[in-house]
Amino acid sequence: PHSQLMAMESLFNSTNGERWTWKEPFSLYGTPWNFSIPQNPCSVEYNGTMTKWQGITCLVCPTNTSQQCLGLLNLQAYNLNGSIPSSVGSLNSLTQLILSNNLLTG
């Protein structure tokens with residue numbers, strides 16, 4: 001859902017997302033987050049293969065079974081630096097949030 005994507009973009013921007021440390025290979029770990037083009041973070045094409053954005057696990061949305069929602073966000077040791085925005089609280093379907101080993105406040 002759009003609100004979920006906006007919360008993810010807010011987290012990216014407030015924690016210096018341009019300097020996050022991405023794991024490789026992308027075909028295994030997923031692609032870096034990219035808000036410059038409209039896309040579904042749960043389903044992204046990379047070199048002809050479908051994958052997802054790194055650090056996320058998607059689930060069927062409880063309120064709309066035709067959509068996928070963010071169920072887990074694991075950005076442990078991704079070099080996040082900054083404050084956790086309040087919009088992260090709007091990720092209603094999130095069951096786990098793992099942000100350890102970063103430089104975060106908030």
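In this report Ala, Val, Leu, Ile, Met, Phe, Trp, Tyr, Cys and Pro count as nonpolar, Asp, Glu, Lys and Arg as charged, and the others, Gly among them, as polar. The structure is a predicted model, in which local features need pLDDT of at least 70 and side-chain atom pairs count only at pLDDT 80 or more, while totals for chains, interfaces and linings use all residues. Residues are numbered from 1 along each chain as its sequence is written, and side-chain values use heavy atoms, with hydrogens and water left out.

## The largest pocket

A pocket is an open set of points on a 1 Å grid over the protein atoms alone, where a 1.4 Å probe fits and protein lies on both sides within 12 Å along at least five of seven lines; lining residues have an atom within 4 Å of a point. The volume is the space filled by probe spheres set on the points, which are joined across faces, edges and corners. The largest pocket holds about 180 Å³ of space. Its lining consists of P1, S3, Q4, C61, P62, T63, C69, S90, L91, N92 and S93. Of these lining residues, five are nonpolar, six are polar and none is charged.

Helices (H or I, at least four residues) and strands (E, at least two) are DSSP runs, numbered from the N terminus. Buried means under 20% relative accessible area, exposed means over 50%, and partly exposed is in between (1.4 Å probe, protein chains only). Strand β4 covers residues 68–74, and five of its seven residues are buried, so the strand is largely enclosed by the rest of the structure.

Two strands pair if DSSP finds at least two bridges between them. Strand β3 (residues 56–60) pairs with β4 in the antiparallel sense over five bridges, and there L59 stands opposite C69 of β4. C69 is also one of the residues that line the largest pocket. Strand β6 (residues 96–98) runs parallel to β4 and is joined to it by three bridges. In this pairing L73 stands opposite L97 of β6.

## Around Q54

Q54 lies in the loop between β2 and β3. With a relative accessible area of 0%, Q54 is buried. A contact is a pair of heavy atoms within 4.5 Å. Not counting residues up to four places away in sequence, Q54 touches W22, K23, F26, Y29, G30, T31, W33, L75 and Y78.

A polar contact is a pair of N or O atoms within 3.5 Å; within protein, one must be able to donate a hydrogen and the other to accept it, and residues adjacent in sequence count only if both atoms are side-chain atoms. A polar atom of the Q54 side chain lies 2.7 Å from the backbone oxygen of K23. A polar atom of that side chain also lies 3.0 Å from the backbone oxygen of G30.

G30 itself is in the loop between α2 and β1 (44–46) and is buried at 0% relative accessibility. Apart from neighbours within four places in sequence, G30 is in contact with T51, K52, W53 and Q54. T51 belongs to strand β2 (residues 49–51) and counts as buried at 15% relative accessibility.

## Backbone features

Most residues other than glycine have a negative phi, and most peptide bonds are trans. A cis peptide bond, with omega about 5°, joins E24 and P25. P25 is found in the loop between α1 (2–14) and α2 (26–29), and E24 lies in the loop between α1 and α2. E24 is exposed, with a relative accessible area of 61%.

Two asparagines have positive phi values. Phi of N79 is near 70°, and this residue sits in the loop between β4 and β5 (81–83). N79 counts as partly exposed at 39% relative accessibility. N101 has a phi of about 60° and is placed in the loop between β6 and β7 (103–105). At 58% relative accessibility, N101 counts as exposed.

## Distances between C-alpha atoms

| Pair | Apart in sequence | C-alpha to C-alpha |
|---|---|---|
| E24 and Q54 | 30 residues | 9.9 Å |
| G30 and N101 | 71 residues | 20 Å |
| N13 and T63 | 50 residues | 28 Å |

N13, named in the table, is in helix α1 and is exposed, with a relative accessible area of 54%.
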